[in-house]
Amino acid sequence: MRVGDKSGDGLLYVLSAKGAQFNASLGQRPRNHRTQTNVPALKARFTSGLFCSIVGVMPQSLSKVIIHIIFSTKDREPCLGLDVRPRMHAYLATVCRDLGAEVVRVGGVADHVHIVTTLPRTVSQAQLIEQIKKASSKWIKTLDARYCGFFWQRGYGAFSVSPSQLDTVVQYVEAQQEHHRTRTFQEEYRELLRRHGVDFDERYVWD
């Protein structure tokens with residue numbers, strides 16, 4: 001049943017699931033214009049106070065969306081050596097938290113990063129990743145002249161993570177150093193795309 005707006009004639013219009021229209025003065029029994037047969041299932045009294053309280057109550061919005069974000073340095077350059085990598089990972093986590101995300105884990109190797117985090121309720125996925133890249137790229141340039149040409153790749157991968165698989169994904173991110181002893185970032189990324197059923201074109205994946 002849907003409740004319509006109050007009209008200028010002081011009536012409150014009510015539409016049943018079957019489309020029948022009723023009207024009633026506030027506090028009176030609805031009358032069916034299409035048929036005079038009483039419908040027990042629709043017997044109700046509507047008062048202005050009750051109607052306003054139903055419309056006025058808006059519960060707090062809640063969100064718990066976990067995503068696994070992956071992106072590399074421009075041209076897969078191994079810019080993130082062991083001396084700066086922990087600091088970069090910590091800074092990425094800080095940017096996420098400043099945007100309202102709950103960071104679970106940040107990891108990666110010299111040419112790419114993995115971020116497991118919740119998606120903030122008030123920020124889109126694209127906005128979150130844009131801010132992460134923009135802030136961290138600007139920050140690393142202030143550390144040393146050798147990072148003056150640092151950039152992230154333009155693209156990224158973002159995959160949803162179910163709560164039941166969160167531990168598995170976190171373990172995967174924590175094992176990046178060992179994982180990439182035998183596999184390149186390109187090989188890893190192709191496998192992730194296939195695992196998630198993503199069709200991709202090699203010409204655009206590495207942009």
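The model I consulted is predicted. I looked up the geometry behind this: the axes of helix 2 (residues 85–98) and helix 3 (residues 125–141) cross at roughly 135 degrees and come within 10 Å. I recorded the crossing of helix 2 and helix 3 as right-handed.

I then listed the residues in this contact. Helix 2 contributes R87, M88, Y91, L92, V95 and C96, and helix 3 contributes Q131, I132, A135, S136, W139 and I140.

I found an open sheet of 4 strands, ordered 6-7-5-8, with antiparallel pairing. Strand 6 (103–109) and strand 8 (157–160) each have a single partner strand and stand at the edges, so one side of each lacks a neighbour in the sheet. I noted an average twist of 15 degrees from one strand to the next.

I followed strand 5 (residues 66–72) to strand 8: the two run antiparallel and are joined by 4 bridges. For I70, I noted G157 as the bridge partner in strand 8.

Finally, I checked which helices meet the sheet. Helix 3 packs on the sheet and touches strand 5, strand 7 (112–118) and strand 8, with its direction at about 45 degrees to that of strand 5. Helix 6 (residues 185–195) lies across strand 5, strand 7 and strand 8, and I recorded its angle to strand 8 as about 40 degrees.

Technical notes:
Residues are numbered from 1 along each chain as its sequence is written. This is a predicted model: local features need pLDDT of at least 70, side-chain atom pairs count only at pLDDT 80 or more; totals for chains, interfaces and linings use all residues. Side-chain values use heavy atoms; hydrogens and water are left out. Axes are lines fitted to C-alpha atoms, for helices over the stretch in contact, and angles run from 0 to 180 degrees between N-to-C directions. A crossing is left-handed if the near helix is turned anticlockwise from the far one by less than a right angle, and right-handed if clockwise. Contact means heavy atoms within 4.5 Å. Two strands pair if DSSP finds at least two bridges between them.
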